[in-house]
Amino acid sequence: MAVPFGLSTTMYITLTDGQAVTIIWGWVLVSLISLSIAASLAEICAVYPTAGGVYYWSAMLSTQEWAPITSWICGWLTLVGNWTVTTSINFSGGQLILSAIALWRNDWAPNAYQTVLMFWAVMLICMLVNIFGAKYLDLINKVCIYWTAASVLIIMITLLAMADTRRSGAFVFGHYDASASGWPPGWAFFVGLLQASYTLTGYGMVAAMCEEVQTPEREVPKAMVLSVAAAGITGIVYLVPILFVLPDVTMLLGVANGQPIGLLFKTVTGSPSGGFGLLFLILGILFFAGIGALTAASRCTYAFARDGAIPGSRLWSRANDGFGIPLYGLMLSTIVPCLLGLIYFGSTAAFNSFTGVATICLSTSYGVPILVSLIRGRKSVKKSTFSLGKFGFAINTLTICWICLAVVLFCMPVSLPVGKSTMNYASVVFAGFATISVIWYFIRGRKDFSGPPVTKDTSPADVGVVKRHDPLEAENGIRNSDEGKAVLGDESQKVRTDKAHRLLGR
């Protein structure tokens, strides 16, 4: 979760929909809700410590009859969520790069062609790093942690030290103005929660650690919850100084490409060079986040295609020993965001659509296993080593209610009135992918898709901690699909396991 980058690129949303109150208290509220969702997932993870995450949990918590359809739904939500997160990160990154030019040329604004081409350039760089720098991805992730922490400290100190004027504490923690949104004041606050919700979406990916630690049923649930807590604290540390030195909001909202953070830095430091210096730190986080998002999307594509759940699965699930990565899955995960970027030619609010779809899909994918667990009386998690105890039912119910509300909220435009060019097309993008999923299910899924390999039905009350399951066991003979045979040939089980682990960057 690249907190400073996510908050910076979505700053225009909360400046429109309530300003300081929505920014700071919206962040606190969504952080608490995200902690509830993470805790609910952690409780499940402690029983089913598998790197397959919500896709596998949805099947494991369901009966054998319902496991295929629940994992199909959850898998598609996860896949589309990863694709659109990649799109939103790199699209806003392209906008941010172009906004740097405006620091020196106040009258300059990028047109649609320049914005889309820059977005494609960022996507291309991220793809090339994933192809030719695959062996350095672990190092890149480690550098990202230190870069992000240093960036937050540098920005905080610089802004507070160089600001000529400062806002009052009453403004930072109590000012609310949603007049620019056109929405009723109360509703505008909820629409503005997209900023925090979009930034806090990556905690479900922590399940991938299940194959990397000795006692995943204990360590991974804790890591999942702590990642949200750490992100929440980081967000507060980043946002509070910005609000204390916040320039004129009308000026910030007047930025042509909807990315006011560069102008904010320039105004506070008093020079274009100073503004760019701070913006450069955010751009560094952009490339770390963009590379990581594309890596996750490509692995998700490969794994889901391996189960035959995507049109053209035979191609997208093909292995490539030369690069040691799922090359065709990576290509599809690059092409889809590039095509989605074309929406910008019809809507200047395209970024809002991408963030909305990403947040809706990932949040809903987290909700599927939680809902299944609730429907089955939470019996499967009674022996969880990360039990929510007597509060479990209430916490699970709260998370489901929030996710249902989020689906509606994040299809809303940031402001009114709405025209063709300012419409939030999140619902259209979501419906488009849903249509593809439904059509492919009836063409192939209902006949051939059995979901991830799961154990036979057992009484939920008898479930303790299930032996951790590597989703790549499908490569080791659990599944004997035509795709698996074509990819793996007559290799030994050990060779197949080693290859599969290399493909997921282990």
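I'll start at one residue. Leaving aside residues up to four places away in sequence, N90 touches F119, V122, M123, C126, L286 and G290. N90 is found in helix 5, and with 0% relative accessibility it counts as buried. Please keep in mind that this is a predicted model.

Now the chain as a whole. It has 21 helices and 0 strands. There are 506 residues, and 56% of them count as buried. If you take contacts between residues at least 6 apart in sequence, 83% of them join residues at least 24 apart. The accessible surface is about 20200 Å², and carbon and sulfur atoms account for 66% of that.

Next, helix 4. How many of its residues are buried? The count is 9 of the 9, residues 53-61, so helix 4 is largely enclosed by the rest of the structure. By name, the buried residues are G53, V54, Y55, Y56, W57, S58, A59, M60 and L61. What covers them includes helix 3 (20-47), helix 5 (67-101), helix 11 (216-244), helix 14 (272-306) and helix 17 (350-375). Helix 5 is the one that holds N90.

Take helix 3 with helix 18, residues 392-409. Their axes are 9 Å apart and the packing angle is about 120°. The crossing is left-handed. From helix 3 the contact uses I33, S36, I37, S40 and E43, and from helix 18 it uses I395, N396, L398, T399, W402 and I403. By class, that contact has 6 nonpolar, 4 polar and 1 charged.

Then helix 17 with helix 18. These axes come within 9 Å and cross at roughly 145°, and this crossing is left-handed as well. Helix 17 contributes I360, S363, T364, G367, I370, L371 and L374, while helix 18 contributes F393, N396, T397, T399, I400, I403, A406 and V407. The contact of helix 17 with helix 18 has 9 nonpolar and 6 polar residues, and no charged ones. On helix 18, N396, T399 and I403 are listed for the helix 3 contact and again for the helix 17 contact.

Now some backbone details. As background, most residues other than glycine have a negative phi, and most peptide bonds are trans. Which residues have a positive phi although they are not glycine? One is Q19, at about 60°. Q19 sits in the loop between helix 2 (11-16) and helix 3, and it counts as buried at 8% relative accessibility. Another is R378, at about 55°. R378 lies in the loop between helix 17 and helix 18 and is buried, with a relative accessible area of 10%.

There is also a cis peptide bond, from L416 to P417, with omega near -5°. P417 is found in the loop between helix 18 and helix 19 (426-448).

Last, A180, in the loop between helix 8 (169-174) and helix 9 (185-191). Is A180 buried or partly exposed? It is partly exposed, because its relative accessible area is 43%. Beyond residues up to four places away in sequence, A180 touches T16, L253 and S415. A180 and V414 are 234 residues apart in sequence, yet their C-alpha atoms are 9.7 Å apart in space.

Terms used. Residues are numbered from 1 along each chain as its sequence is written. This is a predicted model: local features need pLDDT of at least 70, side-chain atom pairs count only at pLDDT 80 or more; totals for chains, interfaces and linings use all residues. Side-chain values use heavy atoms; hydrogens and water are left out. Buried means under 20% relative accessible area, exposed over 50%, partly exposed in between (1.4 Å probe, protein chains only). Helices (H or I, at least four residues) and strands (E, at least two) are DSSP runs, numbered from the N terminus. Contact means heavy atoms within 4.5 Å. Axes are lines fitted to C-alpha atoms, for helices over the stretch in contact, and angles run from 0 to 180 degrees between N-to-C directions. A crossing is left-handed if the near helix is turned anticlockwise from the far one by less than a right angle, and right-handed if clockwise. Ala, Val, Leu, Ile, Met, Phe, Trp, Tyr, Cys and Pro count as nonpolar, Asp, Glu, Lys and Arg as charged, and the others, Gly among them, as polar. Accessible areas come from the Shrake-Rupley method with a 1.4 Å probe; for residues, only the protein chains shown count as cover.
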